[in-house]
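Please look through the sequence and the 3D structure shown here before reading on. The report that follows takes a few regions in turn and describes how their parts are arranged.

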Amino acid sequence: MSRTRRVVHALTVAALVVPAAVLATAGPAAAAAAAVASGGYSAVIKRTSYGVPHITASSVGSVAFGQAWAYAEDRFCDLADQIVKVRGERSRWFGPGPDGANLATDFAYASLGVVDRARTQLAQLSPEELSIVNGYVRGYNAFLATRGAARVPGWCAGQPWVGPITNVDLLAYERDIALLGSGGALLAPIAAATPPTALTSSAPAPAIAPSLVREGARQLINQDKKLSSNGWALGADKSQTGKGMLVGNPHFPWEGELRFWESQLTVPGNVNVYGASLGGLPGVQIGFTDKVAWTHTIAAGQRYTFYAMTLDPSSPTRYIVDGRSEAMTGKTATVKVKQPNGSLQNVTRTMWSTRYGPVLDLGALDPSLGWNTVSAISYRDANIDNDRLTRVWWNMARATDVNGLKASIGRDQGIPWVNTMATDSAGNALYLDSSPTANLSASALEEWGSNPLGLLDGSNSANAWVVAPGARSPGLIPFAQQPQLQRRDYVLNSNDSHWVPNANQFLTGFSPLQGPEGAPLTVRTRQNFKLIASQAKFDLAGLGATILSGDTYTAAQLAAYTVAACRARGATPVVVDGTPVDVSPGCTALANWDKQFELASRGAVLWRETVGAVVAQNPGALDADGPLFGTPFSATDPARTPRGGPASPDAILDGLARAILRMRAVGLALNVPLSQVQYTIKNGQKIPVPGSTENIGIANMAQYEPVPGSSLEPFIDPGTFAGGSDLTDKGYVVNYGTSFLLTLAYTSSGPSAKCILTLSESADPASSHYSDQTQLYSQKKLRDCRYSDSAVSADTQSVELVAATA
C-alpha cells in the first residue's frame, strides 16, 4: 500500500535496541519472532482513519504490550501524571499544591495503602493477569525508552518526573480507578483527620484547606457525580435486524486522565474486541466483539458506609465497640515537599484507622463531624479490596452471548462503580448493577436510612457489614442478590438507580445502598425513555441520529407554555431582585426558536439560562410538580412524570427575566445561535459543540467541568463565572460530555458499528488526530468502526511492528 507508513520498533531489555544485523538479515517479522521466543513481546499496530489503532499479537501479554505502546503514542502524559499521584510524589515534584491539594493526595494514598495493596496483589495474580500487566508496563516503558523523556508527546515532555513505571505502579493506579466512586472523593477528609491537638503530642497537621475537605465530601454525600452516561441495549423486538443493538454514550471528560481512548485488540483464537478504554486499564471497558456488545453508566448506589465512632475518654485514638475499648491503627508517612527555592523538606504525619477504615475529618461540613474529644467519623470502602479490574473486562470480551457476559461479571465481581447494559447477536438485552455494595442487616439499613448522611453507629458491631457466601469480598452483597434484568425489547440507564431499566418493568426489593426505588427520575433519564419510545424498531442510522438529537425534555414540555404565559403578561415587567425586566423580547426569541439544541438554533442559549435560573432559585424543581411542572411524579409512571406546564408561570417567567439579564450582561443577543456561544478549543481554534446540560433534559450532553479529573494538566480556561449561571464572559466552553459514542447493530454478516471519539484520539496538539474527530462531532457525523480484517486493511494508514526481547 503506497499510502501506508510502515515503522519498525524492536527492543531489548538492556539496551532497548535489537542488533541491526538481526533486522538486516532476518527482517522485522523474524526480529519480532525472536523477541517472543526469548520471552519478550511483539505486536503489530495498524492505524486506520482518525488514528484508531488495531493491535494484533499472538498472546494477551503481547497485545497488552502493543496497546500500551499505542496509548503512550497518543496519551503518554495522562498515565505518567497519575503514577506520580498514586506513588504519593506530587508534593515532591510540584510542592504542597493550592490549598494543600498535593499534600492531601500524597498522605491519603499512603493511608489507603494503594501501593502496599498493589504489591500484595502482584504476588497473587494469575499467570494470564501477570502476562497482561507485564506486557502493558513493558509497552509503555518501551515507548518511553525509544522516544526519550524530552520527546514524549503532550504537556509533560521533558519534565523531571517523567520516567518508567512498574507493575506495582500500574496495579496501584487500577486500585485508584476502583476507588473513583468512593474513596477518591475522600482524599482530603482522610488527610485532614488529626486527633484533637490538646490531647496528642503529634506535630501539627499539614495545611489542607477546609474547602478541599468540604468539596470532596459534598460530592460524595450528595451524589454530585462529575461522570454520567446513557446506555441502551436493544433486543430483537426493538431492532430492525432482529438481532441485538447497542448505544454506548458515556459522558466523560475531554481533558485529563479520565478521557476515553479507542482501540481494537486481537489475539487470534483468544480475543477480538473493539472499543474504548481508560488509560492504565489494559483491555476494553466499553465495546463489542463478534457476538456481544456492552456499555456502562455510573451507578446510583453508595459504595461506602460512614461510621460515627464513640471515643474512649482516655484517648482520642481509642474508640468503643460493644462496650469495649479498641485502639486505632496508626500509620506514619513521610512526604517530601518541594519548597519555593527548589529544595525538599520532609513532612511527617500519622493517619489513623478504625476497624472499619480510615478516620475522616468532615468538620468542614459540620463541626460535629470533625475529630473531637468525644467522637470521630470513619468509613468502610466497598472497592478498597477490588483487585479484579485487570481480569474482568478481558473475560467479558470472551463471552459469546449476554448469559456468558453475565457469568463472567458475576464470577470476577470486579466492575467497580457502574451499571452494565449488554446485547448479543441473538437479540437479548441485559441490565446489571453489579457495583460492589455493602451488605447491611435490616436494623443497620433502618439506621442508615434514618440519618441524612447515612451515618451508622460504629460502637454497635451489629452495624458491621454482613458476610454472605458468593461475595467477592466479605461484607459485600453477593452478585446473585444484585439488580439484573434480561429482556427482548430493551433496557436502558442514564445514571438513575436500577429501579426502572425499562418503562414497563421495575426492579424492586433491593438494598437501598444499591440506589433508591420509587424516587423521581432525572429529566435526562425521562428524555432517554422518550427517545427510545420514538421508534418502534431502530436501524443503525436511527440509533445515532436519536441519541444525538437536539430535542430536550424541558423544551418539549414547557417552551410553548412559557411563550403563552409570556404573551399573556404583555408589557408588565417581571421584577428580579428589585429590577423590573421586560420579558417580551425573550418571549419573541423563544417563539421563533426551533426548540432544539443544534448549532444553528436561535433561542437555545436563552432557554438553557431560563431553566438554569429556575433550578437555582428552586432546587428540586425538575423532580416535582410546582415551579416547572404541573403533573406530579407518579411511581406508576416514572418515565413520563413530572411533566406539563405548572399551575403558575411565575417561577418560569422569573427565570426568563434572570436569563435575559444574564445574557445582556455578557453581551449576547437573546436569539444568538448556539454555535456562537458553545464550543471547545483545540490549538487555539474554537470548534462549535452541539448539545446541552443535565438540567435541560438532553441525551447529548455538553458542558464545562472545572475539575474533570485529578490530572495536573493545564485545562481550558472557561472564562469568568458570575451571576449564578454557567454562562461566562467566554460563553459555554466545553470540556465534558458525550465522549466515546458507540452505536452498533448485529446483522447476519456480523457487527456493524458507527462511533466517534468526540475529544479525538491524541492528546498531543502536534498530532493530526488532536482535533479531527472533534471537527466531525461538530457536524454530528459518526464514522465507521473498522472491525473486520478486510475493513481494517482497506483503511490502514500506517503499520508499526513493535517488539521487546527479554
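The sections below go through strands, a cavity, a helix, a loop and aromatic rings in this predicted model.

## An enclosed strand and its partners

Strand β9 covers residues 292–298, and because seven of its seven residues are buried, it is largely enclosed by the rest of the structure. In a regular strand, the side chains alternate between the two faces of the sheet. In β9, V292, W294, H296 and I298 point one way, while A293, T295 and T297 point the other way, and all of them are buried.

Strand β9 pairs with strand β8 (residues 286–288) in the antiparallel sense, over two bridges, and G287 stands opposite W294 in this pairing. The two strands form a hairpin, with three residues between them. Strand β9 also pairs with strand β17 (residues 418–424), again in the antiparallel sense but over seven bridges, and here T295 stands opposite M421 of β17.

## The largest cavity

Rolling a probe the size of a water molecule over the atoms shows where empty space is left. A search of the whole structure finds eight cavities of 30 Å³ or more, and the largest cavity holds about 160 Å³ of space.

Which residues lie nearest the centre of the largest cavity? Of the 17 residues that line this cavity, they are L278, Q285, H296, W417 and V418. Strand β9 returns here, for it supplies three residues, the largest share of the lining, while β5, β9 and α10 (389–396) each supply at least two. Sorted by class, the lining has 13 nonpolar residues, four polar residues and no charged residues.

Strand β13 (residues 329–338) and strand β14 (residues 344–353) run antiparallel and are joined by ten bridges; one example is T334, whose bridge partner in β14 is T348. The two strands form a hairpin with five residues between them, and in the turn G342 has a positive phi of about 95 degrees.

Another group of four strands forms an open sheet, with mixed pairing, in the order β15-β16-β10-β19. Strands β15 (359–360) and β19 (455–457) stand at the edges, each with a single partner strand, so one side of each is left without a neighbour in the sheet. The partner of β19 is strand β10 (residues 304–310), and these two pair in the parallel sense over three bridges, with L456 of β19 as the bridge partner of Y307.

## A mostly covered helix

Helix α14, which spans residues 540–547, is mostly covered, since six of its eight residues are buried. The buried residues are L540, G542, L543, G544, T546 and I547. Several strands and a helix take part in covering them, including β4 (228–234), β5 (245–253), α13 (523–532), β29 (740–747) and β30 (750–757).

Strand β24 (residues 678–682) has four of its five residues buried, so it is largely enclosed by the rest of the structure. With strand β27 (residues 732–733) it pairs in the parallel sense over two bridges, where Y732 is the bridge partner of Q678. With β25, in contrast, β24 pairs in the antiparallel sense over four bridges, and Y679 stands opposite P688 of β25. The hairpin of β24 and β25 has two residues between the strands, and N683 takes a positive phi near 50 degrees.

The loop between β25 (685–688) and β26 (702–703) contains S692. Is S692 buried or exposed? Its relative accessibility is 0%, and because residues under 20% are classed as buried, S692 counts as buried. Leaving aside neighbours within four places in sequence, S692 is in contact with F597, R608, Q678, I698, N700, M701 and A702.

## Aromatic rings

The structure holds 21 aromatic pairs. In one of them, the rings of W593 and F597 have their centres 5.7 Å apart and their planes at 85 degrees, so the pair is edge-to-face. Both W593 and F597 are buried, and F597 is also one of the residues in contact with S692. Elsewhere, ring pairs link Y41, F65, W69, F76, Y140 and F143 into a cluster.

Conventions. Residues are numbered from 1 along each chain as its sequence is written. This is a predicted model: local features need pLDDT of at least 70, side-chain atom pairs count only at pLDDT 80 or more; totals for chains, interfaces and linings use all residues. Side-chain values use heavy atoms; hydrogens and water are left out. Buried means under 20% relative accessible area, exposed over 50%, partly exposed in between (1.4 Å probe, protein chains only). Contact means heavy atoms within 4.5 Å. Two strands pair if DSSP finds at least two bridges between them. On a 1 Å grid over the protein atoms alone, a cavity is a set of points where a 1.4 Å probe fits but cannot get out, and a pocket is an open set with protein on both sides within 12 Å along at least five of seven lines; lining residues have an atom within 4 Å of a point. Grid points are joined across faces, edges and corners, and a volume is the space filled by probe spheres set on the points. Ala, Val, Leu, Ile, Met, Phe, Trp, Tyr, Cys and Pro count as nonpolar, Asp, Glu, Lys and Arg as charged, and the others, Gly among them, as polar. Rings of Phe, Tyr and Trp (its six-membered ring) pair if their centres lie within 6.5 Å; planes under 30 degrees apart count as stacked, over 60 as edge-to-face and the rest as tilted.
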